Every structure is written in structure tokens, then in C-alpha cells.
Amino acid sequence: MTTTITDIMQTSAVIPVLVIEDAALARPLAEALVRGGLRVLEVTLRTGAALEAIAEMKKVEGAIVGAGTVVSTQQFAQVMDAGAEFIVSPGLTETLAKPIIDSRVPFLPGIANAGDIMRGLDLGLTHFKFFPAEASGGLKALKALAAPFYQCSFCPTGGITEANAPEWLAFKPVLCVGGSWVTGGTMAEVELKARAANALRG
């Protein structure tokens with residue numbers, strides 16, 4: 001069973017970032033992504049259907065379903081009740097991080113600068129979501145940050161596309177990228193996009 005954030009980040013080259021408006025689509029979408037080789041699925045809490053979508057996706061064999069856009073301890077409790085297997089947040093606060101760390105649930109907090117990373121290191125964290133990746137300076141900025149924080153690993157999210165993902169993935173501290181480009185179209189198209197995304201690491 002996948003138990004660490006390292007395992008989760010190394011499962012697939014791309015973690016689909018999912019904004020689900022209709023929970024009825026959650027399971028077919030998860031099945032298409034998993035068939036395409038993308039087993040790690042991040043369901044963002046940006047819609048009213050998100051909690052139900054997490055529960056539905058959990059029914060898909062092979063899927064590792066987590067919650068994204070978690071910004072409060074109340075949301076953390078809600079997604080755990082829904083069965084989330086990992087937590088992703090857009091930023092990093094001690095108030096949110098401490099209960100998640102104490103629960104031992106794999107946690108990928110968002111960082112955008114050196115201060116964020118230092119706060120994470122103080123909390124015992126070494127794996128981070130670089131967000132918003134392109135708006136925060138892109139790969140050049142992450143390379144500058146990764147140099148002094150050599151012990152850290154990253155999942156860039158925000159502005160990552162099929163075109164620029166290979167460049168990000170070629171940078172060793174980047175274990176995976178987060179992207180939403182794999183989710184559009186029919187389920188057959190989603191599966192094809194997932195296969196192409198899964199092959200990006202080479």
C-alpha cells in the first residue's frame with residue numbers, strides 16, 4: 001500500500017488536477033485515467049461535488065485518490081471522511097500542516113518562495129508543490145530555489161502543459177508535475193491523453 005508522499009509522487013509522471021462539477025462523472029473519469037496509467041488523482045475542493053467525487057473515485061481499482069485545494073482543518077476533516085489518501089494544499093500554514101502531519105496522511109503543501117520552504121522544513125517536510133509554477137517564475141525560479149534546498153523534492157503545478165512538462169520532469173528534484181490538460185474530452189480521449197502523459201518521464 002502506498003503510504004508516503006514520495007511513493008505517491010513517484011507513481012506517475014503527471015498527477016491530474018481535477019475540478020469536478022458533476023459527481024456522476026467522477027468514476028468514469030477515474031477509470032479512464034487509471035487505464036491510461038495515471039493512478040494518482042487529485043480532486044480539488046473547488047466544487048460542491050468534490051467530496052462525493054473523492055468517494056466515487058475511491059471505488060476504482062488502482063486509483064490513489066487525494067484532495068487538493070485543502071485550506072482549513074475543517075476541510076481536512078471532511079476529505080478524510082470522504083476517504084482521501086493524500087492531501088494537497090495551495091500554500092503552507094502551521095495551523096493546517098500540524099494536524100495533517102500528526103495524522104501521518106501523505107501531505108503535499110504548496111510553496112512559492114524560500115520562506116515557504118523553510119517553514120516546511122521546520123515542520124519536518126521535504127516534499128512540496130511548487131505553485132503557481134509558471135506565475136512564480138517557472139523552471140528558472142525552481143532551479144534557483146532547489147539549489148540551497150537540495151534535500152527537497154517538488155511537484156510543480158499551475159501553467160504546466162503537455163508541451164512544457166518534459167522540461168520540468170527533466171529536472172531531478174521534480175518527481176512529478178500536476179496538470180489539468182489530461183481531463184478534457186471523451187473518456188476515450190482522456191485515456192489517450194493519460195497514456196501520453198504517463199510516458200513523458202521516458
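This is a predicted model: local features need pLDDT of at least 70, side-chain atom pairs count only at pLDDT 80 or more; totals for chains, interfaces and linings use all residues.

Biologist: What volume does the largest pocket have?

Modeller: About 320 Å³.

Biologist: And which residues lie nearest its centre?

Modeller: Val17, Leu18, Val19, Ser180 and Thr183, out of a lining of 22 residues. Strands E1 and E8 each put at least two residues into that lining.

Biologist: Let's look at E1, then. How many of its residues are buried?

Modeller: Five of the five, residues 14–18, so the strand is largely enclosed by the rest of the structure.

Biologist: Which residues sit on which side?

Modeller: Val14, Pro16 and Leu18 are on one side, Ile15 and Val17 on the other, and all of them are buried, which leaves both faces of E1 covered.

Biologist: What about pairing: does E1 run parallel or antiparallel to E8?

Modeller: Parallel, over three bridges, with E8 covering residues 177–179. Ile15 has Gly178 of E8 as its bridge partner.

Biologist: And how many bridges join E1 to E2?

Modeller: Two, and those strands run parallel as well, E2 being residues 40–44. Leu18, one of the residues nearest the centre of the largest pocket, stands opposite Val43 in E2.

Biologist: Where does the chain go between E1 and E2?

Modeller: Through helix H2, residues 26–35, in a β-α-β crossover that is right-handed.

Biologist: Which residues line it?

Modeller: There's Thr3, Thr4 and Ile5, then Ile101, then Arg104, Val105, Pro106 and Phe107, and finally Gly124, Leu125, Thr126 and His127. By class, that lining has six nonpolar, five polar and one charged.

Biologist: Now zoom out for me. How many helices and strands does the chain have?

Modeller: Nine helices and eight strands. The radius of gyration is 16 Å, close to the 17 Å that the globule rule gives for 202 residues, so the chain is as compact as a globular protein of that length.

Biologist: What box do the C-alpha atoms fill?

Modeller: Roughly 45 × 35 × 30 Å, taken along the principal axes.

Biologist: Last one: what percentage of the residues count as buried?

Modeller: 50% of the 202.

Notes:
Residues are numbered from 1 along each chain as its sequence is written. Side-chain values use heavy atoms; hydrogens and water are left out. Buried means under 20% relative accessible area, exposed over 50%, partly exposed in between (1.4 Å probe, protein chains only). Helices (H or I, at least four residues) and strands (E, at least two) are DSSP runs, numbered from the N terminus. Two strands pair if DSSP finds at least two bridges between them. A crossover is right-handed if, with the strands pointing away from the viewer, the path from the first strand over the helix to the second runs clockwise. On a 1 Å grid over the protein atoms alone, a cavity is a set of points where a 1.4 Å probe fits but cannot get out, and a pocket is an open set with protein on both sides within 12 Å along at least five of seven lines; lining residues have an atom within 4 Å of a point. Grid points are joined across faces, edges and corners, and a volume is the space filled by probe spheres set on the points. Ala, Val, Leu, Ile, Met, Phe, Trp, Tyr, Cys and Pro count as nonpolar, Asp, Glu, Lys and Arg as charged, and the others, Gly among them, as polar. The radius of gyration is taken over C-alpha atoms; the globule rule is 2.2 Å times the number of residues to the power 0.38.
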